[in-house]
Each structure stands twice: as structure tokens, then as C-alpha cells.
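My notes follow in the order I took them.

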Amino acid sequence: MRPEIRHEAFEVLGTDRPGPWLVTCDHATNRVPDWLGGSLGIAPEDMARHIAYDVGARGLAIALGAALNSPVLCSDFSRLVIDPNRGEDDPTLVMKLYDGTIIPANRHVGPPEVEERLQRLYRPYHAAYAALAGERAILAIHSFTPCLKGRAPRPWHIGVLHSPEDERLSRAVIAGLQAVPDWCVGDNEPYSGHLPGDAIDRHGLQKGRHNTLIELRNDLIVTEAEQVDWAARLAPVLSAALRAVAG
């Protein structure tokens with residue numbers, strides 16, 4: 001399915017879908033804009049890793065949007081350029097080192113360069129997010145690598161991340177997922193689900209919208225067929241959870 005709205009910073013699919021969700025993918029691509037030279041100075045194999053984007057997450061988000069009959073918003077720039085899932089004052093907004101890889105183009109980045117990235121990419125993405133959200137519940141789709149360098153393997157198939165400020169929907173999703181045989185489900189795993197100023201905080205918690213963040217282990221959603229299969233399995237659980245909390 002082709003995007004119906006395309007901007008340098010984002011793409012939107014399914015704008016006319018009436019479903020109750022806004023499906024988002026904050027780290028959908030590893031694209032570096034031409035005005036940054038199309039490269040951040042790291043090797044292609046690093047740009048293909050999870051440090052540059054959430055592998056498989058875009059396809060899963062698009063498949064979930066179709067399964068839930070709801071619109072989808074995807075970023076169109078690498079998280080290494082600027083991370084839309086961080087607050088503007090977050091020290092990790094522009095990463096200089098990530099999972100053992102130095103990002104040369106970011107090592108000496110100063111306030112003017114960060115401001116340009118905010119103006120051209122980060123803020124337009126969040127403006128589109130705010131415009132699309134309306135009365136919808138937020139379903140944020142991410143993926144995680146099976147193992148960070150020097151760390152223990154991550155056993156979870158899927159993680160649900162949430163904030164204690166409003167975990168109603170996530171708790172219902174976790175209960176539904178844990179009822180499925182053979183799924184290893186993480187509760188705020190592989191890491192905690194709340195950072196002040198992140199996308200869920202900004203568009204979900206601060207606005208009183210139902211919200212949840214789903215993390216799939218990226219080796220499970222490499223192909224389009226795997227993404228569609230996981231979307232088909234997740235959609236009924238998500239729909240039942242939202243009905244349970246929203247009535």
C-alpha cells in the first residue's frame with residue numbers, strides 16, 4: 001500500500017480508516033536525508049542494524065494498521081539523525097555512541113545542527129502525530145535486537161512497555177498476550193517503558209489517550225510474511241484489550 005501523505009519526515013497510510021487506533025512507528029527507516037550527505041559516516045552494515053532503526057517494525061505497523069482498520073504514521077529518518085521518541089531536551093536525542101558504534105557525523109554536532117534536524121524532521125513528525133491522534137488510542141510499534149553487545153540474550157518474543165501514570169491498556173494487552181501458549185511476554189521488558197517527553201508521554205499520557213507500546217524481537221519479523229502473520233495474531237488481542245478498558 002502506498003502512503004497517502006508523504007513528507008520528508010514521515011509517511012501516513014490509511015487516512016480514511018475509521019478504526020479506533022493510531023498505529024505509529026517512531027523508528028521506521030534508516031534513511032539519512034540528502035542535506036546531511038545521505039550518510040552519518042558509519043558502515044552500511046551498522047546502518048542496517050537496530051542502532052539505525054527498528055528492524056521489521058515498519059512492516060509490522062503497516063500490517064497492524066490494515067488488520068485494525070486504522071491509520072498508520074511512520075517516521076522517514078534514522079533514529080541516529082534525531083530520535084523522535086525522545087524529548088527535545090533529552091541528552092540521547094542525537095546519539096554519539098550506540099551499542100558500541102561511534103556515530104562520526106554526530107560527534108561534534110552543535111546546537112545549530114540539532115535545531116535544523118528538529119525543524120525539518122522531529123517537529124513535523126510530531127505535528128503529524130498530534131493531527132492524526134484525535135480521539136484514538138495510541139499503538140506504538142517498535143522492535144528490539146535479540147542481544148546487545150556484551151549483554152545476556154533477550155528471551156522475550158514480545159514486550160509491552162508502559163508507564164505507571166496510565167497502564168490500563170497495557171495491562172489488558174499483557175493479560176491477553178500471556179494467555180497465548182508458547183509466547184514469552186515481557187512486562188516492561190527489555191527495558192522500562194517511560195521516558196519524560198517521549199512520544200507516548202507527549203501524545204498519550206499528557207493528552208489522556210489510551211496508549212500502549214509493543215516491542216517485537218526483530219528476528220521474528222524480518223520478512224513481510226512474518227510481519228503480516230504477527231499482525232494477524234496480535235490484532236485480536238489488541239482489539240479485545242481496548243474494548244475492555246474503553247467500553
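Two strands count as paired if DSSP finds at least two bridges between them. I kept that cut-off at hand, and I noted that this is a predicted model.

Entry 1, the pairing of S4. I looked up strand S3 (residues 21-25) against strand S4 and found three bridges in the parallel sense. Val-23 has Val-72 in S4 as its bridge partner. I then turned to strand S2 (residues 10-13), which pairs with S4 over four bridges in the antiparallel sense. There, Phe-10 stands opposite Ser-75 in S4. I wrote down a reminder: strands of a sheet pair through backbone hydrogen bonds, either parallel or antiparallel.

I traced eight strands in an open sheet, in the order S1-S2-S4-S3-S7-S10-S8-S9. The pairing in this sheet is mixed. Its edge strands are S1 (5-6) and S9 (185-187), each of which pairs on one side only. Val-160 stands opposite Asp-187 in S9.

Ser-170 is found in helix H4 (residues 168-178). Is Ser-170 buried or exposed? Its relative accessible area is 0%, so I put it down as buried, since buried means under 20%. Leaving aside neighbours within four places in sequence, I listed the contacts of Ser-170 as Val-160, Leu-161, His-162, Asn-211 and Thr-212.

I looked up helix H2 (residues 57-68) and helix H6 (residues 224-246), whose axes come within 8 Å and cross at roughly 50°. H2 and H6 are therefore oblique to each other. Their crossing is right-handed. Among the residues that meet are Gly-59, Leu-60 and Ala-63 on the H2 side, and Gln-227, Val-228 and Trp-230 on the H6 side. I sorted the residues of this contact into eleven nonpolar, three polar and no charged.

Key
Residues numbered from 1 in each chain as written. Predicted model: local features only at pLDDT ≥ 70, side-chain atom pairs only at ≥ 80, totals over all residues. Heavy atoms only, no water. Axes fitted to C-alpha atoms, helices over the stretch in contact; angles between N-to-C directions. Helix = DSSP H or I, 4+ residues; strand = E, 2+ residues; numbered from the N terminus. Parallel < 35°, antiparallel > 145°, perpendicular 65-115°, else oblique. Left-handed = near helix turned anticlockwise from the far one by under 90°. Contact = heavy atoms within 4.5 Å. Nonpolar A, V, L, I, M, F, W, Y, C, P; charged D, E, K, R; others polar. Buried < 20%, exposed > 50% of the residue type's maximum accessible area, 1.4 Å probe, protein only.
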